[in-house]
Amino acid sequence: MAAALQTAALLSASPNLIDPQRYRVGLSARSLIGRRGSIFVVRSDGRTSGFFNAKSRSGNFITNAVATKADASTSSTASKPGHELLLFEALREGLEEEMDRDPHVCVMGEDVGHYGGSYKVTKGLATKYGDLRVLDTPIAENSFTGMGIGAAMTGLRPIVEGMNMGFLLLAFNQISNNCGMLHYTSGGQFKIPIVIRGPGGVGRQLGAEHSQRLESYFQSIPGLQMVACSTPYNAKGLMKAAIRSENPVVLFEHVLLYNLKERIPDEEYVLCLEEAEMVRPGEHVTILTYSRMRYHVMQAVKTLVNKGYDPEVIDIRSLKPFDLYTIGNSVKKTHRVLIVEECMRTGGIGSSLRAAIIDNFWDYLDAPIMCLSSQDVPTPYAGTLEEWTVVQPAQIVAAVEQLCQ
Amino acid sequence: MAVLARSSSPSSLSKLLRPHSVSSLRSFSSSAADDQRVLTIETSVPFTGHRIEPPSRAVDTTPAEILSFFRDMAVMRRMEIAADSLYKAKLIRGFCHLYDGQEAVAVGMEAAITKRDGIITSYRDHCTFLGRGGTLLQAFAELMGRRDGCAKGKGGSMHFYRKEASYYGGHGIVGAQIPLGCGVAFAQKYSKDGSVTFALYGDGAANQGQLFEALNMAALLDLPAILVCENNHYGMGTAEWRAAKSPAYYKRGDYVPGLKVDGMDVLAVKQACIFAKEYALANGPIILEMDTYRYHGHSMSDPGSTYRTRDEISGVRQERDPIERVRKLILSHELASASELKDIEKEVRKEVDDAVAQAKECPVPDPSELFSNVYVKGFGAETFGPDRKEVRSVLP
């Protein structure tokens, strides 16, 4: 892979995955290029299914987007290359497309309007859509999340932004009791098509309270779906899928990933919320990860490949529910699992994932599942200490070596 | 607008009534119940305003409306008493918060608004559900956890909802429904449909921070939200003066105007709600404090006598009971005779007993219902469980 890529190798260049012919089966050229374009739901293995949507452009469709230089030869970019942008711009693009498409979509959060969003995800949207649709709220997470949920009950599709995911702890009652449960307790009468998003994770010396990972707290709320994006491509796709979903979705972004650059397709695409992403197929060990740890893993993979290992890396993306199909197939192939995550060890995503794999795929395991998580400490301010709270590539390499003995 | 209070002489009215004897209650109802002439009746207590000129004490109503008030409140009262017996018979479990004594708030509010206006309240929601058009069967079935309940038996006493009547529940965590109500008002403003939302809460929940947060936002955005404090003077076992430094709940909005209303007088409630709706559509949020009282304890597990005296309860029942007040009104304006009202009550009692019997026959939810309605059928991508055999959702 071209070493000049700003992001680590996101998707492998394995030809099987991205054979352009595969996804055109069943769709004639005429159906692709018609007066009405089509929108495709993308699977990580290249399968697509589509239905017609007037908004999108026609043309060839790419299942994976790799940030390529002009001279990089990958068979994936057989067609039009797309456009390059940063992750926060990809989020904004997804958001803007959905707001154009459906007048019920609105945004609310602190400083999302006039200020443009603290991470610029909503920049320019308030001027375009007005102050009611891109609402600047006061610092009142509990009640503006509640307001979003109440609006969702009537049929609006609000996107509530927590300036930092950690602030949403103030809205925990609303998210857990109202957002997650109203569909059930009302016997199916009310749907809550809300998206709750925001940056979380350990940043650069932001201090303990601004380095929260909330996936572990929200994961047992019934009725909620959780996804974590990690690349501009999946950020845009997941944002669009989350907005279109009738269920409440919590979209976890990461503070340090907002400036990732990638080339994404021009065509409209939506990703599947419940699906995991195959980052790098392999044979020896399955490494399950999400969000920022994906990059630490891929960095470790470089070392591991040099040492002769062939790890399979899966970005699980969907934190609730887990994509046990993809994960299961991988476990059946490699028989060894390493989970690398950024949330705390205790009660984290890794522990649930471990339990799920043991419950379902025990017979396929050759070794105990290893789980590398952040330490159970408040994130310290000092840089060196902070570095050691999260999992580093060296630890991943050591863990794989231990696992593959 | 003020119209002559009395109709023609009493005797002519009684002539209308006399041929329609007790036996044919229906025909009686059709004569006075169709009577649409306007009566103007003064509320017994004036309104008190905070930062706003209170509305007039003279309320316009019709005999038909007054009779419907009587009937609706009688149904609610009967329902709550029946729920009391069902709870003691262990057919209703868990928490059961009864509304008897407060019926005037639910009935008066309904008289002022349409089904497109939203109502949201916390767990003392059975009567509000009836007011929104819910049936007795749905209510009892939900209380007993049966399939035909308004939330399919999965919500329970504290989670009554009726989407088609814009009734947003039914919430267990008090105070949390206020931001939800402001959210509904936000959506109403967003879609510009000229409706308002009433977010009800009690004197206990009036101390929740999210109320003030939501009020601030509602005022900033001029949302058509009306916050109604049903002040029954006790937050479970804590009297209002022990929980709130300032129990003048209608004033606690500070920059938001408020109105204090006699919540045991259904006509006062109706007037206040009409006034509030008009205000909210034009100007933004307003707070209504309904001075009301609950006869039962906080819930069925609370006797209601450890923190207040029986004399107090019976005193309120004698002097301020909402149904008695309407009865006196009907009798003094000769809209019906005492025996006719008794017959209405008998009929109501039978209706409630029938509904209870029917609800007892209802089946419990199917075990598969445990897993239904957790998620709405997904966005539409094909997703499966781990063995690819069970389809979870399919692309449209």
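Some conventions come first. Residues are numbered from 1 along each chain as its sequence is written, while chains are lettered from A and ligands numbered from 1 in the order in which they are written. Because the model is predicted, local features need pLDDT of at least 70 and side-chain atom pairs count only at pLDDT 80 or more, whereas totals for chains, interfaces and linings use all residues; side-chain values use heavy atoms, without hydrogens and water.

Let us begin with chain B. Chain B has 13 helices and 12 strands; these are DSSP runs numbered from the N terminus, helices being H or I of at least four residues and strands E of at least two. Of its 396 residues, 58% count as buried. Buried means under 20% relative accessible area, exposed over 50%, and partly exposed in between, with a 1.4 Å probe and protein chains only. An unreviewed UniProt entry places the feature "domain: Dehydrogenase E1 component" at residues 71-367 of chain B; UniProt positions follow the numbering used here, feature names are shortened, and annotations may be inferred rather than shown by experiment. That span is 46% helix and 10% strand.

How much of helix α4 (residues 103-112) of chain B is buried? Nine of its 10 residues are, so the helix is largely enclosed by the rest of the structure. Among them are B:Val105, B:Gly108 and B:Met109.

I turn to the interior. A nonpolar core is a set of buried Ala, Val, Leu, Ile, Met, Phe, Trp, Tyr and Cys residues joined through side-chain atoms within 4.5 Å. In the largest such core, of 81 residues, A:Phe218, A:Ile316, A:Ile357 and B:Phe186 touch the most other members. Helix α7 (residues 177-191) of chain B gives the most to this core, with eight residues. Apart from it lies another core of 78 residues, including B:Ile52 and B:Tyr99.

Next, the two chains together. Chain B contributes 48 residues and chain A 59 residues to their contact, where contact means heavy atoms within 4.5 Å. Between them the chains bury about 4500 Å², 68% of it on carbon and sulfur atoms; buried area is the accessible area (1.4 Å probe) that two parts lose on being put together, summed over both.

How many salt bridges run between chain B and chain A? The count is zero, although the structure holds 43 salt bridges over all chains. A salt bridge is a side-chain nitrogen of Lys or Arg within 4 Å of a carboxyl oxygen of Asp or Glu. In one of them, A:Lys240 meets A:Glu98 at 3.1 Å, N to O. The pair links distant parts of the chain, with A:Lys240 in helix α8 (residues 232-244) and A:Glu98 in helix α2, 142 residues apart. A:Lys240 is buried at 0% relative accessible area, and A:Glu98 is buried at 1%. Both belong to a network of salt bridges that also includes A:Glu93, A:Arg101 and A:Glu268.

In chain B, B:Arg327 and B:Glu324 form a salt bridge at 3.3 Å, N to O. Both lie in helix α12 (residues 322-332), three residues apart, about one turn of the helix. An α-helix has 3.6 residues a turn, so residues three or four places apart point the same way. B:Arg327 is buried, at 14%, whereas B:Glu324 is partly exposed, at 32%.
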